[in-house]
Amino acid sequence: MDLNFTSDEEEFRLKVRAFLEENVPKSGLSNSREERSDQHYLQRAKQWQRKLYDAGYVALAWPKEYGGQAMDPVRQTIVNDELVRAKAPFLIGGSGLGMLGPTLITWGNEEQRRRYLPKILTAEEIWCQGYSEPGSGSDLASLRTRAEIVGDEFIVNGQKVWTSGAQHADWMFCLVRTDPDAPKHRGISYILIDMHSPGITVRPLVQMTGDRGFNEVFFDNVHVPRKNLVAKLNEGWIVANATLFHERNMLGSATGSEQRFNRLLALAKTIKRDGRPLTEDPVFRQRLVDLEIRVESMRLHALRQLTDQVRGRNPGIESMVNKLVGTELNHDLATAAMEAMGDYSMLAREDERALDQGYWPYEWMFSLGLVIGGGTSHIQKNIIAERGLKMPKSR
Ligand SMILES: Cc1cc2nc3c(=O)[nH]c(=O)nc-3n(C[C@H](O)[C@H](O)[C@H](O)COP(=O)(O)OP(=O)(O)OC[C@H]3O[C@@H](n4cnc5c(N)ncnc54)[C@H](O)[C@@H]3O)c2cc1C
């Protein structure tokens, strides 16, 4: 097994790194989600994605006819790693780039691909995901938002919840029930809804971080053209799962976890227990080593996934493993930091006495959300057990 990148790939990495050193916005575009509904922030975030796209560093593996460069997934991975290393702001069009785009490439028709993909790349149109409803999260197939066909349109009524970014989204990829009499997985369709349509109300929900990152979305007789149906009527469940696969893949970054671990290590060196740094305390050292082993396993798992992609092998349940391991690891890294800081872990970013610029309390709360979002850890474990390990189905 060769885990090294080729000299061409290393050269490409240096080019990306140099570009990011020069161009990553130095201020005003933090990775916290709190100010994302602010119009000024939104404009700057869109400009940043556009700049990255113009430089050739967005969705490199997408087909050329839709604005991509048809490059191999290794180049895309290098760009992703370098963005994390450079602490570049998240891409505001992340849901379109990471979830809807790859889904449309496989499941959309030609008209839909040509209409939507280029504007996802340039951040001209921002997308949100309308899956969860009150009472339908883990049991997503029980969703009740109705879409009735009247002439050439769907008329949508119902409610979504926890919709990240709906407050600034132009479009939603949405699951709706189109056949209430069919078994629950068979009566669902996948449609694209213009968020500026009359009859849509978006209400923010405040998270424990204090951010207004997600929302309730209400539909009251919303008209959606029938041509916005992706794949076949009542066969949206399979498309929904394709999107979930891409989402779960997106949620764990080995480079991100490695960076968090290094930050935890640096913090532990500055905190004393029994007169010596925490890194010399035998109990805390053990904990750090356990975490480092998990970070390294994740790095190797990411390389295994990349090898599968390059060789065109079916990824199987790897994306669930990625999501489960990555999000739990990030939360455990933050928990270790919080415990290391003791009473200081109560001080938020605004407090000048906060350790490590108050990074950890926010990170601890935010990382807990990601253990739940995109499907909880329990659900990932069920899927891995049933589909990956072929264990008997849970009831
Ligand atoms: C930060 C964040 C962002 C989100 N963004 C979006 C978004 O943009 N769009 C969107 O549609 N949704 C979004 N969600 C919603 C997310 O997908 C759901 O919260 C998640 O699927 C869990 O559903 P639920 O909240 O209804 O919990 P429930 O399904 O009610 O689960 C409650 C508990 O029961 C456990 N449980 C349930 N069923 C089983 C089972 N069969 N076996 C074992 N344990 C089980 C769960 O693991 C959990 O611990 C987001 C959530 C978060 C936290």
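A polar contact is a pair of N or O atoms within 3.5 Å; within protein, one atom must be able to donate a hydrogen and the other to accept it, and residues adjacent in sequence count only if both atoms are side-chain atoms. In the structure shown here, an oxygen atom of the ligand lies 2.7 Å from a polar backbone atom of S132. This is a predicted model, in which local features need pLDDT of at least 70 and side-chain atom pairs count only at pLDDT 80 or more, whereas totals for chains, interfaces and linings use all residues. Residues are numbered from 1 along each chain as its sequence is written, and side-chain values use heavy atoms, with hydrogens and water left out.

**The ligand and its surroundings**

- The ligand is surrounded by 17 residues, the closest being S132, S138, W162, T376 and H378; a residue is counted as near if one of its heavy atoms lies within 4 Å of the molecule.
- A backbone N or O atom of Y131 is 3.0 Å from an oxygen atom of the ligand.
- In S138, an N or O atom of the side chain lies 2.6 Å from an oxygen atom of the ligand.
- The ligand taken alone exposes 980 Å², of which the protein buries 65%; accessible areas come from the Shrake-Rupley method with a 1.4 Å probe, and for residues only the protein chains shown count as cover.
- Two or more residues of the shell come from each of α10 (359–372) and α11 (377–388), and α11 gives the most, with three residues.
- The shell has five nonpolar, 12 polar and no charged residues; Ala, Val, Leu, Ile, Met, Phe, Trp, Tyr, Cys and Pro count as nonpolar, Asp, Glu, Lys and Arg as charged, and the others, Gly among them, as polar.

**The protein chain**

- The protein chain has 11 helices and 10 strands, which are DSSP runs numbered from the N terminus (helices: H or I, at least four residues; strands: E, at least two).
- Of the 395 residues in the protein chain, 48% are buried; buried means under 20% relative accessible area, exposed over 50%, and partly exposed in between (1.4 Å probe, protein chains only).
- The protein chain exposes about 20,000 Å², and carbon and sulfur atoms supply 52% of it.

**Residue H331**

- H331 belongs to helix α9 (residues 318–341) and is buried, with a relative accessible area of 12%.
- Leaving aside residues up to four places away in sequence, H331 touches W364, S367, L368 and V371, where contact means heavy atoms within 4.5 Å.
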